[in-house]
Amino acid sequence: MSAYVVIGMFLPLVGTGLGSLLALGIKEQLRPFWRKLLFGFASGVMIAAAFFSLLEPAIDLVKAQGGIPWLAPSIGFLLGILFLLVLDTVIPHLHKSAKKPEGLYTSKFKKPTMLAFAVTLHNIPEGMAVGVAFAGALSGNQVLTIAGAFVLAGAIALHNFPEGAIVSVSLRDAGLSRRKSVAAGFGSGVVEPIAAFITMGITTLIEPILPYVLAFAAGAMIYVVVEELIPEAMEGEHSNIATIGVAAGFIILMATDLAI
């Protein structure tokens, strides 16, 4: 495996780590304006990445194979949604704006731990998306490219930066020290390269499932956007700020992906 592929796999974790470091310097919670703008921007980036970097290549691959263009992407997308739904139902976690924790055995964990679980849970599909993108690029097909895989990894890293900052500050406010908040924020992103390498290995061994896995990752990412990012962005007044952020994130990722 070449060095640039390894770098691409770890790029999202770098975004999480850099964002988490902001907890050392920010003295209080981010203002609502910036929270809405950042969550909106992250939502736009993820929506565009799910379509242009995952769903669209999945459809093109099925067409190239002579299959039904909508069938495999639809099945994979639905399975991605169901996968995150099951994890959301089972794994104990706490969303930032929620009053009650979700998942099983929630009484056994403290608030900071369940906040960290929530971020870790939603980082899994992002790692899977990067892994399948690089697996497709290395398979030699004409649809997926190394440049496109790097665009996706960079987009997720861009999304992870504000998320890492917000999560680490939230953990600090929940009772953790600054250093522990940074460490927990960074640690929540470690699952991404792990998921990336596992997904890439599976997809490389069973290349015919590539369209399904691409759509699966897209469905899981959209689940995160709908379940976590958009509700956080639209909470309270002035939701139009979040809408502007969504538009900006979507356009930037779309333009970058199509240009490259």
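Mentor: Let's start with Phe52, which is buried at 12% relative accessibility (buried is under 20% relative accessible area, exposed over 50%, partly exposed in between, with a 1.4 Å probe and protein chains only). A word on the source: this is a predicted model, where local features need pLDDT of at least 70, side-chain atom pairs count only at pLDDT 80 or more, and totals for chains, interfaces and linings use all residues. Residues are numbered from 1 along each chain as its sequence is written, and side-chain values use heavy atoms, leaving out hydrogens and water.

Together, Phe51, Phe52 and Phe250 make up one aromatic cluster. Overall, the structure has six aromatic pairs (rings of Phe, Tyr and Trp, the last by its six-membered ring, pair if their centres lie within 6.5 Å; planes under 30 degrees apart are stacked, over 60 edge-to-face, the rest tilted). Take Phe33 and Trp34: their ring centres are 5.1 Å apart with planes at 90°, so they sit edge-to-face. Phe33 is partly exposed, with a relative accessible area of 41%, and Trp34 is partly exposed too, at 44%. Back at Phe51 and Phe52, the centres lie 4.9 Å apart and the planes meet at 85°, so that pair is edge-to-face.

Setting aside neighbours within four places in sequence, Phe134 is in contact (heavy atoms within 4.5 Å) with residues including Val5, Met9, Phe150 and Met200.
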